[in-house]
Amino acid sequence: MKARDYYDKYSSDLLYDSKINSHVAIFDLFMEISDEVVDICKQRNVSSNDAVASVIKEINDKWNAICRLFVKFHGFSPLKEDGFINYYLDQIPELKDFLK
């Protein structure tokens, strides 16, 4: 899915719903976009840390594009720029040398 598709799917929940539902929407967005990492890794037969890091960077670019769409249309983003890659840096420290 493209960044615009994710924006269209989640923008109303992230901006206009209750705080609890907004947190759920952020989690759902994160999980759905994380599934892309898994799918791309399977499609490309990824087997090295360098290749996994490359896919994470690619999806992080999409995450940042979603952030920019929020800024463009609303003046702010409920998502943190580079939040996707920062999560993986925190959860998988072994990728740190590959992700920076």
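Colleague: How do the axes of α1 and α3 cross?

Modeller: They come within 10 Å and cross at roughly 55°. Axes here are lines fitted to C-alpha atoms, for helices over the stretch in contact, with angles from 0 to 180 degrees between N-to-C directions.

Colleague: Is that crossing left-handed or right-handed?

Modeller: α1 passes α3 in a right-handed crossing, right-handed being when the near helix is turned clockwise from the far one by less than a right angle, left-handed when anticlockwise.

Colleague: Which residues meet there?

Modeller: From α1, Ala 3, Arg 4, Tyr 6, Tyr 7, Ser 11, Leu 14, Leu 15 and Tyr 16; from α3, Lys 62, Ala 65, Ile 66, Leu 69, Phe 70, Phe 73 and His 74. Contact means heavy atoms within 4.5 Å. The set splits into eleven nonpolar, two polar and two charged, where Ala, Val, Leu, Ile, Met, Phe, Trp, Tyr, Cys and Pro count as nonpolar, Asp, Glu, Lys and Arg as charged, and the others, Gly among them, as polar.

Colleague: Before I go on, what's the source here?

Modeller: This is a predicted model, where local features need pLDDT of at least 70, side-chain atom pairs count only at pLDDT 80 or more, and totals for chains, interfaces and linings use all residues. Residues are numbered from 1 along each chain as its sequence is written, and side-chain values use heavy atoms, leaving out hydrogens and water.

Colleague: OK, what about α2 against α3?

Modeller: Their axes come within 10 Å and cross at roughly 145°, and that crossing is right-handed. On the α2 side the contact includes Leu 29, Phe 30 and Ile 33, and on the α3 side Val 52, Val 55 and Ile 56 are among the residues. The contact divides into twelve nonpolar, no polar and three charged.

Colleague: How many residues does α3 have?

Modeller: α3 covers residues 49-74, so 26 residues, as a DSSP run (H or I, at least four residues, for helices).

Terms used
Helix = DSSP H or I, 4+ residues; strand = E, 2+ residues; numbered from the N terminus. Expected span 1.5 Å × (residues − 1).
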